[in-house]
Protein chains: 2
Amino acid sequence: MPSDFVADDGADAGDAIDIREQRRRAEVDEPSSPVARFDEPLPLDAGVSLSPWQIAYQTYGELNADRTNAVLICHALTGDQHAANRHPVTGRPGWWDAMVGPGRPVDTDRFFVICANVIGGCSGSTGPASVMPGATRPYALDMPVLTISDMVRAQARLVEELGIETLFAVVGGSMGGMQVLEWGVSYPERVFAAVPIATGVRHSPQNIAFNEVGRQAIMADPDWYGGNYIQNGVKPSKGLSVARMAAHITYVSEAALHRKFGRELQDREFLSYGFDADFQIESYLRHQGSTFVDRFDANSYLYLTRAMDYFDLAADHDGVLPNAFRSSPCRWCVVSFTSDWLFPTSESHRIVHALNAAGAEVSFVEIETDRGHDAFLLMEPEFHRVVRGFLTGAARARGIAVPAPSA
Amino acid sequence: MPSDFVADDGADAGDAIDIREQRRRAEVDEPSSPVARFDEPLPLDAGVSLSPWQIAYQTYGELNADRTNAVLICHALTGDQHAANRHPVTGRPGWWDAMVGPGRPVDTDRFFVICANVIGGCSGSTGPASVMPGATRPYALDMPVLTISDMVRAQARLVEELGIETLFAVVGGSMGGMQVLEWGVSYPERVFAAVPIATGVRHSPQNIAFNEVGRQAIMADPDWYGGNYIQNGVKPSKGLSVARMAAHITYVSEAALHRKFGRELQDREFLSYGFDADFQIESYLRHQGSTFVDRFDANSYLYLTRAMDYFDLAADHDGVLPNAFRSSPCRWCVVSFTSDWLFPTSESHRIVHALNAAGAEVSFVEIETDRGHDAFLLMEPEFHRVVRGFLTGAARARGIAVPAPSA
């Protein structure tokens, strides 16, 4: 299992956790990454608007003179803007380090890469943990419920602010893939190429069900305090941990669980006949739960899962999905993974069929892997070759210069 | 959704719940069904024994003069002995009413049917909610961890007590199917025919993971009180409800969720932009959670899920599964359902291959249905025809008389 961040000042574990918690909270309003702040209201699908609001982001590589080489990376449910840099709280490498960087498929020697924390998140963009304007307390449940379309509207404002008229590409997996789809639908003329990965055009009832279990686990925790845990100096760690454990099962395939854990016991030769973590899979899940609590805000988890549940591209277009993509000028590359049961390949087929029906330029690749939904975050050579190849071809079409060979 | 039991004495909802809770608690030690009580110790796999102990059961039909027509029904995780009679707490029909009764596939006009609450359960057999011998409090976590093999050992003692040397058949699905397999392995000479349904020879890591999420949800509830909630006059309703919600997702197929709920809204035309149950699937899951709490004990849930996790038939036979079934004289009928992802057909194949390798007489049927794991509890005509046909053939071989045609 990956080791978590450990403070290097000789502090003991308790102090290290306190320091990490302080850092985590500091990142909410005053992130260590760049942040764009806006006084003009951000209109939301809920019918209200946010004002002021802010969006925290990271960039990698350099914007070319024509401003044509910008790639927007959209993160998934529990991701953040730290796609390819060390995380300021956990000290771990960026969540898409395998994909984004010099010489990587999303090549920062060639592209100017932007990754922003979504609205509703907890890493510096306005979300339920942010201090409410005119108050000294966080929004908590006074934050309006947000949608994928709201997230994308905020990103579009940021992209404008960075002086970019048209993105070369928008790339993302899972909830990030929903944002890619929304970009292609809401701002088709501002995206040259789009790569939605391991995603779907609407959340399925099974996925809504898993999200609902997570939300109920959080809200069942008395330390949630009706959403007001921050003012009460606590956080609903147990509930959030259970939510993460349930969700984590959906990120991995049954085959991978067999391969990695089987029924192997954890640090013991015999069953304990008790409720300790006898099996490695139990120990692994508990670890996933407890480390997640150190880096994520429980209310953000409620809001972002809700945004996924609400996502339904066709519903916004009279129930006719191809209408959403009508006259899409983008080049599309849709990717799915054979063992992903959260967003199975059938969901990608639905995207591809609608794009084809709308006359869009679309390629589709299903990657053979046993690593489940999480495959999009992992070192999957075939998947990386596909993304690299697609972006290289699109860059040629867009006339983006090939980087000079490194010394 | 099925309506729950409502007291018919004009009491309001709160009183009805109190009355139901009193009934539920009364059933734990003094069930309204027959109960066999034993002073002789029941040895357990944990290396200790229970003494005294009791096992609550129901019977349907009549034992024939040769005592050859007894069928033991084994219930699943949250089942009980009330397979074919109205439930004393909820007032609802028996959980296998579709399968067991006069003229049903397990025909009570022909067979003497026994169904016993498992050891570790909460409907009258000794379990964590039972009063601990020599104390005035429940066992709670002082109950030793139990196994499927312990459950079967207790059932074997009951069957003996009822004067039955050899069961005509043992039938059960899911955790009940594990018990059927264990019967065939531990008492091969005492079972004529065995019908394991929607089950497996060992719990998979994914299934252990789901169980662990449920246990963590229960243990995270402060009203669990380290297992001592009964003495504290409360129960961990929220945690148990979350556990049930997570488990329930695994009982139904994605296709059935699409068919039954899709993304339909619950009692509203538009999204609420809130955390209410907007979607029918959310409302349905919450209902599953809250009604479960009314009829089940949280510690029993911990113990029974643990017993499932520990189940590994091959492990008890040097890791060689066919050795478990060596020289099995039973007739076997293994049944799986195409859309069951908790115990997929591949798990049944494993059973069938091992039985074949052991030279046992085995037939196997995979039922085409989109209703998932729960199909075994539902009115599935093809499934019922298979069970009826298999039992009829076996009864002929066993020389059990055909019932007289009803008037």
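**Around the annotated site**

Mentor: Start at A:Ser174, which sits in the loop between strand S9 (167–173) and helix H3 (175–186) of chain A. Keep in mind that this is a predicted model.

Trainee: Is A:Ser174 buried or exposed?
Mentor: Buried. Its relative accessible area is 6%, and the cut-off for buried is under 20%.

Trainee: What does A:Ser174 contact, leaving aside neighbours within four places in sequence?
Mentor: A:Ala76, A:Ile197, A:Ala198, A:Thr199, A:Met308, A:Phe343, A:His373 and A:Phe376.

Trainee: Where is A:Asp340 found?
Mentor: In a loop too. That one runs between strand S11 (331–337) and helix H10 (345–357) of chain A.

Trainee: Buried or exposed, that A:Asp340?
Mentor: Buried, at 3% relative accessible area.

Trainee: And what does A:Asp340 touch, not counting residues up to four places away in sequence?
Mentor: A:Ala198, A:Gly372 and A:His373. Note that A:Ala198 and A:His373 are also on the contact list of A:Ser174.

Trainee: New topic. How many disulfides over all chains?
Mentor: The count is 0. Take A:Cys74: the nearest cysteine sulfur belongs to A:Cys115 and is 7.6 Å away.

Trainee: What about A:Cys333?
Mentor: No disulfide there either. Its nearest cysteine sulfur, from A:Cys330, is 13 Å away.

Trainee: Zooming out, how many helices and strands are in chain A?
Mentor: 11 helices and 12 strands.

Trainee: What radius of gyration does chain A have, against a compact globule?
Mentor: Chain A has 21 Å. A compact globule with 407 residues would be near 22 Å, so the two agree. The C-alpha box is roughly 60 × 55 × 55 Å along the principal axes.

Trainee: What share of chain A counts as buried?
Mentor: 62% of the 407 residues. As for the surface, chain A exposes about 14800 Å², with 49% supplied by carbon and sulfur atoms.

Trainee: And what share of the contacts joins residues at least 24 apart?
Mentor: 71%, among contacts between residues at least 6 apart in sequence.

Methods
Residues numbered from 1 in each chain as written. Chains lettered and ligands numbered in written order. Predicted model: local features only at pLDDT ≥ 70, side-chain atom pairs only at ≥ 80, totals over all residues. Heavy atoms only, no water. Disulfide = S-S within 2.5 Å. Helix = DSSP H or I, 4+ residues; strand = E, 2+ residues; numbered from the N terminus. Buried < 20%, exposed > 50% of the residue type's maximum accessible area, 1.4 Å probe, protein only. Contact = heavy atoms within 4.5 Å. Rg over C-alpha atoms; globule rule 2.2 N^0.38 Å. Areas by Shrake-Rupley, 256 points an atom, 1.4 Å probe, with all protein chains shown as cover.
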